[in-house]
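Trainee: I am new to this structure and would like to know what the terms used for it rest on. Please show it, and I will ask as we go.

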There are 2 protein chains.
Amino acid sequence: MMTFPPWKALADAKCQSTLNTIPSKWRIQEPIPPAAELRDVTGSYIQQFLTPREIEITELDAFDIAEKTTTGEWAAVEVTEAFCHRAAIAHQLVNCLHEVFFDAAIEDARKLDAYFAQHRQPLGPLHGLPISLKDQFHVKGVETTMGYVGWIGAFQGLKNDARQGVFESELVRELRALGAVLYCKTSVPATLMSGETVNNIITYTTNPKNRLLSCGGSSGGEGALIALKGSPGGFGTDIGGSVRIPAVFNGLFGIRPSSGRIPYEGAANSMDGQNTILSVIGPLASSAGSLQLLFKAVLSQQPWLYDPLALELPWRSDIEQETRALVEQSAKDPSKLAFAIMKDDGVAIPHPPIARALEIVEQTLKRLGHRVIEWTPPSHTTAYELISTIYNLDGGADLQYHLDLSGEDPAEQVIVSQKLPQKTAIEIAKVNVDKREYQKLYMDYWNSTAELTGTGRPVDGVLCPAAPHAAVIPTQYLHVGYTSFLNLLDYTSVVIPVTHAAKDVDVGRPREFVTELDERSFKGYDADVYDGAPAGVQLFGRRLQEEKMLVLGEYIGGLTQK
Amino acid sequence: MMTFPPWKALADAKCQSTLNTIPSKWRIQEPIPPAAELRDVTGSYIQQFLTPREIEITELDAFDIAEKTTTGEWAAVEVTEAFCHRAAIAHQLVNCLHEVFFDAAIEDARKLDAYFAQHRQPLGPLHGLPISLKDQFHVKGVETTMGYVGWIGAFQGLKNDARQGVFESELVRELRALGAVLYCKTSVPATLMSGETVNNIITYTTNPKNRLLSCGGSSGGEGALIALKGSPGGFGTDIGGSVRIPAVFNGLFGIRPSSGRIPYEGAANSMDGQNTILSVIGPLASSAGSLQLLFKAVLSQQPWLYDPLALELPWRSDIEQETRALVEQSAKDPSKLAFAIMKDDGVAIPHPPIARALEIVEQTLKRLGHRVIEWTPPSHTTAYELISTIYNLDGGADLQYHLDLSGEDPAEQVIVSQKLPQKTAIEIAKVNVDKREYQKLYMDYWNSTAELTGTGRPVDGVLCPAAPHAAVIPTQYLHVGYTSFLNLLDYTSVVIPVTHAAKDVDVGRPREFVTELDERSFKGYDADVYDGAPAGVQLFGRRLQEEKMLVLGEYIGGLTQK
């Protein structure tokens, strides 16, 4: 007789309870074809479950929706119901939700409509806009499990904690003040330390464009839900790529801001208090304009008055305008803007779809007349080794503690080791110095490019892969170095969708390997399985360059998506 | 026969070598009266060694000197020579210098004069202004010992390091680019972790206003030198009060900015890499206007392009102007500005001179019609305990390592314990969370005062002691909590001179004790010994409020010094 571990009944009940919260009218009755038969459930597949009006509403981006909901053209209730419905369908297709609170959302939307009716103006710039949240944010009346079975029925693992069910994270408070409608929380890998989204509650979240593949992680539910247009935009977190990986795996835009811009106060986290590399919050959406809307809206709430780690740095319209002016001038004189490109990091050379995505961007920029120099930075191997050390400072103790609450095992995709020795204060101080010295080297290298750009400035941005592969084959995520080096540097990075893997074009050809990891990565490429997966690039800038990177991300995204 | 420890000859030779660098024409020939006979060596005492022209030059503040040197009215060489001479005298009176490089300074000044002659404009806003530096900054051609005997003939304790004698700290590079003239480095306590300035090289730096007392620490040499007008302004560092303590002990202005404004890159430090509380750099000077000049000048160099820990936060003229406007409006309508006052922290009640200094400020503000509310913050005992834990994360290992290089013992004034167990990663993470939670509590308390001020805003600034006592009797510094809680909060704090201890007025009267430490502190008060010691206050504001606090510090300083 087969036996199950004791935590499994609890996990299964939680999974079922999430599903049960979806109204029966929105439950899919017919069987969903297996992934092998039907990879792509976006577009016409998901549309079959929706009304034309629901499709009209949900297929606009957040920016365009907000234009309608903040002007009273569309009612918050109608927009919210449409997204609740589409999110419900999305969850049934790819397993992307942890928490569903549609009733509360519709009630909130009703109040927003009443507010608008009374004041003839919106509550804030996100009035009536549904926003999804990674399951690290506390929302009143709703649980936060962060994928841990041991957090079910508790507050961050604590039983009988007074905050349970009533506490809200600072970002949640601000989103409500801005007029956003909160309606669901999305799936994450337990521990958060994984580029795929897998946990013992909802199991595995798949990629809506190709369900044989991963939706990415750790903000994977966000990526999958937004790709299915079950949300116009949402907030994830990123300590090593966890916003950018799901964004790029799902053909979306996403930003990893530098630390201190979006308030983390009161959100659940892994390894809380590890402050060598801080996790940061960033939005994901289907357009760069939507990211700007969300980012700017949050800053308008002055998070630095409510979060001790937030910086007093409002949205800098002057930088936004200067960058827009540069972009406009560069239409006449393309030498006004200069980029760099890093085709690989010397650790793992990208698979053909990613190399092609980069090539598309590079050729487009060059055809327009922009200078694109080669990026030859300080060793990324050094960065990768440092990051691996930093993720393991506590020897896995924090993750183990939370896994042990239920007795569950970590997924094999978790990149942090368990039961290693902890580092001591002196060892951690040494790591902090090594990190700072690496940042200084990189900074000096950045400055040195002023000699090469022809603009009189260093490069305006650097293009590189966001991962060695498109949306990855489950368990094949071998190298997070393309995203995590930017966490080490605390640089701003925007992910830009470019193209999709195409088996006829993206043929793997024999080549030399630069590392053993590179060889394993190469062998993991399967043109047929990857076929159809979104493939994008990263654009990064220096620390605290969010205004500039969002505008340049919009520019480059606009070029390559034409 | 008396034996000396093996490091003593090295230390004495270093001490003598610093003295020998002073030209013989500037050596004081006659005996200097002992402190018991002559406490105060400022004013007419030091003036006797100087020419009237040297007195004229050196008794202006940095702001006024820069007005003359940046317009060509005064030559950089003449100004530099005057300060070199006065610094040389100051050192012979109170032991305040570690490094003397007058020849290089005069050569630099000569180049600046040539630059001005050629371009008819200054190199930068500090053109021709002599600036002193705490002995943590590396200056080419000069040693950095930071008070450690084991650092003599080495680079931060490393023998045969290629940086020795050639490397310069980022701030030094920026000061040179601004036109400042560097000419000496000032004394510090070995380990830096002390509110007094004592080390085995130059022994003890005394307070120029009362040589029975301490000049403060750890930027003690700065405080003593500037008080003697041997420097118009200088830069110290502060992880627990090390800029503010010497500023307040010497009747000066000093600012502890929030972390990330003034570049620390490339400066020597204690416990480098401990990043729970970062040491910060701040200027000391005899006027608030001089602090503004120095602070603003450094920011004009865009330190965030050269220091990975510096924030992209230029001098915010809008905040400066808004604050100046508030101050001006408050002349007509004093309710426009509101302050809070914290007379004690519940750990150690201030001695009479400090209580009186606070009373003077409070009464002045109230007489002008400003609202001054009582500050009843979250427990400062909690803050003090947290800070003590943070200073000891490595169990004293870093300090011990550097002391062991020579075999010297730490001074009894060092506040960090040696040879305790190190904290582990999980314990440090817990401390970081505790710190953040305390910051959040304090922030929420700050916000709550909007209900009490009548301005519609929270308080504009908070006044409190900078120490329980005036310039302290050696070995009697028992409680650094009045400064260090602001390092824990990462708040901006400006020290403002107010008055001097006066034995006839500042009489200790029996009272109840709030803690055992309070009782010891009370018993350490001796009205006669403290007589004449400078007594000032702290004005603090939220994190990253340097522009506002410098303007308000100027305002309050101007009121109380009238």
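Mentor: Start with B:Lys440, which sits in helix α15 (residues 425-448) of chain B. A helix here is a DSSP run of H or I with at least four residues, a strand a run of E with at least two, both numbered from the N terminus. This is a predicted model, in which local features need pLDDT of at least 70 and side-chain atom pairs count only at pLDDT 80 or more, while totals for chains, interfaces and linings use all residues. Residues are numbered from 1 along each chain as its sequence is written, chains are lettered from A and ligands numbered from 1 in the order written, and side-chain values use heavy atoms, without hydrogens and water.

Trainee: Why does B:Lys440 count as buried?

Mentor: Buried means under 20% relative accessible area, exposed means over 50%, and partly exposed lies in between (1.4 Å probe, protein chains only). B:Lys440 has 16% relative accessibility, so it counts as buried.

Trainee: Which residues does B:Lys440 touch?

Mentor: Leaving out residues up to four places away in sequence, B:Lys440 touches A:Glu265, A:Tyr306 and A:Pro308. Contact means heavy atoms within 4.5 Å.

Trainee: What makes the copies meet through the same surface?

Mentor: Of the interface residues of chain A, 100% are also interface residues in chain B, so the surface is the same.

Trainee: How are the two chains related by rotation?

Mentor: Chain A is superposed on chain B by a rotation of 180° with 0.0 Å of shift along the axis, at RMSD 0.0 Å. The two copies are thus related as by a two-fold rotation axis. A:Thr424 comes closest to the axis of the residues of chain A, its C-alpha at 2.2 Å.

Trainee: What is the predictor's confidence in chain A?

Mentor: pLDDT is that confidence for each residue, from 0 to 100. In chain A the mean is 97, and 100% of residues reach 70 or more. The model scores ipTM 0.97 and pTM 0.98.

Trainee: Why is chain A called as compact as a globular protein of its length?

Mentor: Chain A has 20 helices and 15 strands. Its radius of gyration is 22 Å, close to the 24 Å that the globule rule gives for 562 residues, so the description holds. The radius is taken over C-alpha atoms, and the rule is 2.2 Å times the number of residues to the power 0.38. Of the 562 residues, 64% count as buried.

Note on methods. Least-squares fit on C-alpha atoms with pLDDT ≥ 70 in both.
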